[in-house]
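Could you walk me through this model in the viewer, one selection at a time? I would like to know what to pick next and what I will find there.

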Amino acid sequence: MMNGISYGDGSFIHVDDLHKSFGDKEVLRGITFDVFEGETLVILGASGCGKSVLLKHIIALMHPDSGRIEYRGENIFEMRPRELNEVRKNFGMVFQGGGLFDSMTVGENVGFPAFEHWGTKGEELSKLVEEKLSLVGLGGIANLRTAEISGGMKKRVALARAIALDPDVILYDEPTTGLDPIMAEQINELIRDTQKELGATSIVVTHDLHSATFIGDRVALVESGRIEFVGTTDELLSTEQEAVRNFIARGHANRDRPEPDFTVSF
Amino acid sequence: MGLFAKFGTSALDMFRVVGSAGLILWRAILSLRRLGRSFGLVFEQMQRFGIESLPLVVITSVFTGAVAAVQVSYQLKEYLPKAYLGTAIFKSVVIELGPVLTALVVGGRVGASIAAELGTMRVTEQIDAMEAMAIDPHRYLVMPRLLSGLIMLPALTVIADILAIGGGFVVAGVALDVSAKVFVDGMRTLFFEGDVLGGLIKACAFGGIIALMGCTAGLRAAGGAVGVGQAATRAVVTSCVLILIGDYILTTLLWGILFS
């Protein structure tokens, strides 16, 4: 047991031998790992190593060339659209740029999933929106347009929207990228607090070692489309494995430099 | 790259677009099951597709009718009586000019706008976000646009037909010395209701093409601002080409086979 999480009683999400190529570029080269219920798993890796692609597979926004992902024992890639949508209602995803609908206000964004799936309306919806926004420390901004808020606020609103349906799993795609160090720290704390408050399983994709060790229970290191290491954050920092030591050394060397953005869109 | 390779690549790309459009259309049709929850979205799109295109359609159709009157009068010269002016204008407007010109100008305006909007949503992960929260973009984005195209283009075409004939009527009366009675009698001569119906069937198909190609280009957009720009261009080009090809096919089917 660690942090109230039990390991070894069957995996919650099981990723099995995932392969994915875009043209000649092989992005995922046989990825296998487990995610346990209630834990925060950080998928750590340098920019362009395929970790965001991996995250998009977990919610079936992309389909692999081969391999499977099981959620509670069922392969999500073999599901019919309706079954898949039922599974997706248990997931909340925070996209790298927020993915907020710019035709809507902040409040409409946060309330959108509840309105669409539960038919929540009027006073009840406003209450739900305000509650979720308060959880991310942004009460009272429901009427602002998404263009009027800062990058950090967008990520918070995206988190508020992701937790609107009280999901079992929250996926974060590079939650601290593009933010100043103070805002990044606040987002790290927010992710950890949200995890404590809701107890949802979290999968966080990041290139930031500090962020990974701060919020993660376990860390999976991805390099060149393969998992090089999976273990607790303590194990990550103490292992003698070469790939991990190299990544950590690079991480320290880059700590004070601005992060170059090598994001590749496929 | 050799000429054949280039040709092959464009041909393959065209098949991909047609394949995507077919798949998107099929998913939008399947999502009609949840039409009851989407009325608001359909009305919003009808407003954008139809009402906001009205000024453009008014100007285009009035002048089209006016030009048609001058051209027909020149072609008739002394060979045929001016009584046929009304006939020729009426038939050419309801069969061809009304549906096709309305579709082309609305296609330029609305097709580009749909592609740019959906393309921006695609490249800024808004469509991924929608899918991730188990909301089908085909129901929420494509189906309302498709329905509004199918409904609003025939509606715009009716307005365009009336205004074009009106434009022709005014020019005939003021500049070509054709009295109102002669013009209207001319319209009645050889009147066939199938001409009007056929024109509206064409408009319905063109409206579907504009919305579908706009949505397809938008949903397939990739690569930031440049990709969105390309999507808008592709939407307009493909819908214009398909409108003209579709016009030939429908004209052959309707007037060549069904009405003959």
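Happy to. Start with chain A and its sheet: 5 bridges tie strand β1 (residues 13–22) of chain A to strand β4 (residues 66–71) of chain A, and the two run antiparallel. Please keep in mind along the way that this is a predicted model.

**Stop 1: the open sheet of chain A**

Stay with those two strands and select H14(A), which stands opposite E70(A) in β4(A). Now widen the selection to the whole sheet. This open sheet has 4 strands in the order β2-β1-β4-β5 (chain A), and the pairing is antiparallel. At its edges you will find β2 (25–35) and β5 (74–75) of chain A, each of which pairs on one side only.

**Stop 2: a covered strand**

Move along chain A to strand β6, residues 91–94. Are its two faces covered or open? Both faces are covered. Show the side chains to see how this works out: F91(A) and M93(A) are on one side, G92(A) and V94(A) are on the other, and all of them are buried.

Then bring in the partner strand. β6(A) is joined by 4 bridges to strand β7 (residues 169–173) of chain A, and these two run parallel. To find your place in the pair, pick M93(A), which stands opposite L171(A) in β7(A).

**Stop 3: chain A as a whole**

Chain A contains 9 helices and 10 strands. Its radius of gyration is 18 Å, close to the 18 Å that the globule rule gives for 266 residues, so chain A is as compact as a globular protein of that length. Along the principal axes, the C-alpha trace of chain A spans about 55 × 45 × 45 Å.

As for contacts in chain A between residues at least 6 apart in sequence, 66% of them join residues at least 24 apart.

**Stop 4: crossing to chain B**

Now select the contact between the chains. Chain A contributes 15 residues and chain B contributes 12 residues. On the chain B side, the residues that touch chain A are 6 nonpolar, 3 polar and 3 charged.

**Stop 5: chain B and a pair of helices**

Hide chain A and look at chain B by itself. How many helices and strands does chain B have? There are 9 helices and 0 strands. The C-alpha atoms of chain B fill a box of roughly 65 × 50 × 35 Å along the principal axes. Of the 260 residues of chain B, 46% count as buried. Among contacts in chain B with a separation of 6 or more, 90% come from residues 24 or more positions apart.

Show side chains where they meet. From α1(B) the contact uses V17(B), S20(B), A21(B), I24(B) and L25(B), and from α8(B) it uses L212(B), M213(B), C215(B), T216(B) and L219(B). By class, the residues in this contact of α1(B) with α8(B) are 8 nonpolar, 2 polar and no charged.

Conventions: Residues are numbered from 1 along each chain as its sequence is written. Chains are lettered from A and ligands numbered from 1 in the order in which they are written. This is a predicted model: local features need pLDDT of at least 70, side-chain atom pairs count only at pLDDT 80 or more; totals for chains, interfaces and linings use all residues. Two strands pair if DSSP finds at least two bridges between them. Two residues are in contact if their C-beta atoms, placed from the backbone, lie within 7 Å. Ala, Val, Leu, Ile, Met, Phe, Trp, Tyr, Cys and Pro count as nonpolar, Asp, Glu, Lys and Arg as charged, and the others, Gly among them, as polar. The radius of gyration is taken over C-alpha atoms; the globule rule is 2.2 Å times the number of residues to the power 0.38. A residue is buried if 20 or more other C-beta atoms lie within 10 Å of its own, exposed if 12 or fewer, and partly exposed in between; C-beta atoms are placed from the backbone.
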